[in-house]
Amino acid sequence: MIASNDPRARTPEEWREAMGDFGEAPYRGDQIFQWIQKKGVLDPAAMTNLSKTLRDKLSEELGDAARVVREHRSEDDTRKLLVELADGNQVETVLLPSGHKLDADAATADDDDGPRHPGTTRVTQCISTQVGCAMGCVFCASGIAGLKRHMTASEIVGQIQLASRQLEPNERLSHVVFMGMGEPLHNYEATARAITLLTHEKGLGMSPRRLTISTSGLVPEIERLGADFDGQVGLAISLHNANDERRSALMPINDRYPLRELMGALRRYPLRRGRRITIEYTLVSGQNDSLDDARGVARLLARLPVKINLIPMNPIEHSDLGPPDTKRVLAFQQVLRDADFHCFVRRRRGDDVSAACGQLVMLGHEPNKQFLRRQPRGEPEE
Ligand code: SF4
């Protein structure tokens, strides 16, 4: 792992080393790491077992932290937090409480959702990795204004630290999905460091199985993720079409890494025994929701260890695209089930507060020209 110039994202080992410059004993470094990564305390002034001198030096070095500026609670208890970063940019993170297994199945790549604790509600958190997104998928609000900047590793995990204070007493963070604003693998170094921090035994100590990285299909970085984390981290692929030409129309990244290359990367991903790759398929009315499309998906994914999540598109501003009706969604699902795939229709959660998939957006930003140019025109297919 490359050394971090993002001080809040130091590992315990790096903090211990940094203590030399502060004139402090190395064990103080472990204490600071635990304050930040385990207890979610971002303000050095609140790190009460450190001396006032060390707290002051830390405040100077760490600078301002991100903060939650708004919380929207949906009727289904989904919460969307608007997080303001130190430079004033804003990103969104979503808390999805789930009372039953289906939700965890649908949102994460973890088939074993671990021990149940009676009386607790498990929460999956969806986090952002970039301010905006460069990938320009036509059905996604996050890419409307293009990429503004990458987030740092401390900003990425900071969303979890901030949200930990918004959890109800009976709620417990069980899974983290990197599916919010941005393409995590386009910001590989920060994403990889965030995984290292979340899984570090001196911090939250999350199992890598409970983390899922969602990608539009950046092939070299999929290979890198598999090698760096030994296939332990869950992988979700945004597929959305099994035909190269039509996938490129929805997702420009397909021009760079067409399906043959993407499927090769999935076959080589060093998946742990018994695990499956999650395939995300946003159903866009008239664009990719026909029975022929479903048969194409079945052919493309044959013999791959996958489960498929169908996501009826959530309406977004500046686009006429929308979801198919329920009958069409279920018919699509049936084709895949008949072909022996585990195939779920993702429940639409939080769409009354625009917290649903593809709806996380940079508020107040106008769409860029490329996004508008890519919007499909003319009559949809039958
Ligand atoms: S779907 Fe993902 S990769 Fe595509 S524009 Fe949206 S955030 Fe970016």
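Just after helix α11, Arg 303 takes a positive phi of about 70°, although Arg 303 is not a glycine. Helices (H or I, at least four residues) and strands (E, at least two) are here DSSP runs numbered from the N terminus. The model is a predicted one, in which local features need pLDDT of at least 70 and side-chain atom pairs count only at pLDDT 80 or more, whereas totals for chains, interfaces and linings use all residues. Residues are numbered from 1 along each chain as its sequence is written, and side-chain values use heavy atoms, with hydrogens and water left out.

Arg 303 is placed in the loop between α11 and β11 and is exposed, with a relative accessible area of 83%; the classes used throughout are buried (under 20% relative accessible area), exposed (over 50%) and partly exposed (in between), computed with a 1.4 Å probe and protein chains only. A positive phi is also found at Asp 230, a residue other than glycine, where the value is near 55°. Asp 230 belongs to the loop between α7 and β9, and at 41% relative accessibility Asp 230 counts as partly exposed.

Helix α11 itself, spanning residues 291-301, has Asp 293, Ala 294, Gly 296, Val 297, Ala 298, Leu 300 and Leu 301 as buried residues. These buried residues pack against α8 (244-250), α10 (259-268), β10 (277-283), β11 (306-312) and α12 (326-338), where contact means heavy atoms within 4.5 Å. In α10, in turn, Leu 259, Leu 262, Met 263, Gly 264, Ala 265 and Leu 266 are buried, and the buried residues of α10 pack against α7 (219-228), β9 (234-238), α8, α9 (253-256), β10 and α11.

When neighbours within four places in sequence are left aside, Gly 217 is in contact with Glu 183, Ile 222, Ile 253, Tyr 257 and Leu 262.

Other pairs link positions that are apart in sequence. Ser 164, in helix α5, is partly exposed with a relative accessible area of 36%, and its C-alpha atom is separated by 7.1 Å from that of Gly 40, 124 residues apart along the chain. Gly 23, in the loop between α1 (12-22) and α2, counts as exposed at 67% relative accessibility; Gly 23 and Leu 54, 31 residues apart in sequence, are 9.2 Å apart in space, C-alpha to C-alpha.

The largest pocket has a volume of about 340 Å³. Of the 21 residues that line this pocket, Ile 160, Leu 173, Ser 174, Leu 204 and Met 206 are the closest to its centre. The elements that give two or more residues to the lining are α2 (27-38), α5 (153-164), β7 (171-178) and α6 (188-199), and α5 gives the most, with four residues. A pocket is defined on a 1 Å grid over the protein atoms alone as an open set of points where a 1.4 Å probe fits, with protein on both sides within 12 Å along at least five of seven lines, and lining residues have an atom within 4 Å of a point. Grid points are joined across faces, edges and corners, and the volume is the space filled by probe spheres set on the points.

By residue class, the lining of the largest pocket divides into ten nonpolar, seven polar and four charged residues; Ala, Val, Leu, Ile, Met, Phe, Trp, Tyr, Cys and Pro count as nonpolar, Asp, Glu, Lys and Arg as charged, and the others, Gly among them, as polar. The ligand is surrounded by Cys 133, Met 135, Gly 136, Cys 137, Cys 140, Ser 142, Gly 182 and Ser 216, a residue being near a molecule if one of its heavy atoms lies within 4 Å of it. This shell divides into four nonpolar, four polar and no charged residues.

For the protein chain as a whole, 13 helices and twelve strands are assigned, and buried residues make up 57% of the 382 residues. Among contacts between residues at least 6 apart in sequence, 71% join residues at least 24 apart. The chain exposes about 16600 Å², of which carbon and sulfur atoms supply 47%, the accessible areas coming from the Shrake-Rupley method with a 1.4 Å probe and, for residues, only the protein chains shown counting as cover.
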